[in-house]
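Okay, thanks for coming, everyone. Let me put today's structure up on the screen, and then we'll walk through a couple of spots together.

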Amino acid sequence: MKHLKPLNKKARKIEAAAQQQADSGSPAESKPDVRALQAPQLPLGCALIFDPGWEADSSGQMTGLCQPMEADLYGCYDECWWPAQLPDQLTSFLEWSDKCASAERDWRKLDLVPTDNK
Amino acid sequence: MFGTTHVILRSPLLRPGRRAQLAIALGLLLLATSLGWSQDHEYFVLGIHPTGLLVIDSSRDEIVAQIPTRGRSPKELIPSPDGKHVFLTTDGRAKIEVVNVPGRKVEDVIDLAQPGIKINIFGLALSRKGDRLFVHIRPVKELPDEYVAMPPEIWSVDLNTHARKKIMDAPDSVVSLFVPADPNRLIAWGNDVYFIDLAERRVVETVPMRTGLPPDQSPMDTLPFFNQYEQSGIVSMPYFATNPFTHKMVLGLVNMDVDTGKLDVMELGPAIPLYSSVVSPDRKRAYMVMNQLVAVDLTQRKIAEVRDTGGTTYVVNLTRDGKKVYLPSSAGPFVDVYDAETLKLIHRIELPGDPSSSQLRALPPGAVP
């Protein structure tokens, strides 16, 4: 990494944050930041990743996951859990799930790859 | 009502024929019956995906009204003291909608966002008089190439004048707000439980749950999203902690009397994944849910029974008489109704959409939607 040099403002910020973390052993406390839920804050019943069919709970098993797995679509997405893996329902793809009243029954109606954002 | 009608019918000029008298009598009988019937009934409100608020009659276990919301995915639901209005968060917890329940419509939308700043609401409470909303917001500044998280804040909204006022910057990780009996206090539940003085606009007492604990006490992890407490006056939620000696995760229950803010913590045994809990009106039992329905004997402070439910439930509530327990499905369009004593499934209410993680709240006694 030592031969990489930051060229813009954002890259310099990342380098400074990484340096600060290395110095103090923890992220900067002075400024609020977005923090991902992770162990030990991971709620029981939640999977670490969104990868249908390959999810595991905090003990490495499946019994503690939401059932059926379609529960994760709205239950986790609406609250904060996997926004990066699903269409952005707040700004870009507002109607993403409007045709799918029930995740378990109607999941085929989901617009998984919206092409028209009106 | 019948006495007044009798006096009017005595006037020879106004006296109707026999058929008309019979029709009037039948009409009055039906009216009286329907009024009495409504007062005996109990109603719940529940949000559904994508845009709806349902009113459910628990005596018949049927939907009696479906009210369209303007935003998607209702989450937090707060009925007014008279049950005529319900305040709910929608659109990714970004807005507050004011629903007129008897009018079956959204009357107002309260948007606390400023230009260029998005907000998410995690914590909504109504003053006991019903004239003031307390809102915990997490603002995010939207820059062209970056989102900047700003300090969370607690605001109040005067429902008569619509005046909005920031009360204070919020403590860390607050998810829920509660209004105790003392009108000068507000309770915020996050990493710890914070008691706020509304006049001084600051935290005056903190009950440690995760931070500031002595070395021999493990942090207690709670998930205070799904709080249903109107039937008992007790906010209840499962907690998880690591036993400092065995290093194994244990399950417990933390109950708070909303009137006084007094907390009661009880350890229940090895961890079972659970999301939320509710206390019975007589305060003798609690019911916890996720993939199972777990009954807790609060007098003996131990788990009484565990029943598999066949699917995940985020929230749980029960009837005013404590006889039926309601479990809205997380990913199916239905609410399952269990017998509170035997934990047997007794009924399934089919819905037009998923309740997902919407709260399920009972309207106050006497409310006629």
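Predicted model: local features only at pLDDT ≥ 70, side-chain atom pairs only at ≥ 80, totals over all residues.

If you want one pair to look for, find Asp336(B), whose bridge partner in strand 28 of chain B is Arg348(B).

Now zoom out a bit. Those two strands belong to an open sheet of 4 strands in chain B, in the order 25-26-27-28, with antiparallel pairing.

Okay, over to strand 1 of chain B, residues 43–48. What does strand 1 of chain B form with strand 2 of chain B? A hairpin, with 3 residues between the two strands. Strand 2 is residues 52–57, and it runs antiparallel to strand 1, joined by 6 bridges. One pairing there is Ile48(B) with Gly52(B).

Strand 1 of chain B also pairs with strand 29, residues 360–362, again antiparallel, over 3 bridges. There, Leu46(B) stands opposite Leu360(B).

Last one: why is strand 1 of chain B largely enclosed by the rest of the structure? Because 6 of its 6 residues are buried. Both faces are covered: Tyr43(B), Val45(B) and Gly47(B) are buried on one side, and Phe44(B), Leu46(B) and Ile48(B) on the other.

Conventions: Residues numbered from 1 in each chain as written. Chains lettered and ligands numbered in written order. Heavy atoms only, no water. Pairing = 2+ DSSP bridges. Buried < 20%, exposed > 50% of the residue type's maximum accessible area, 1.4 Å probe, protein only.
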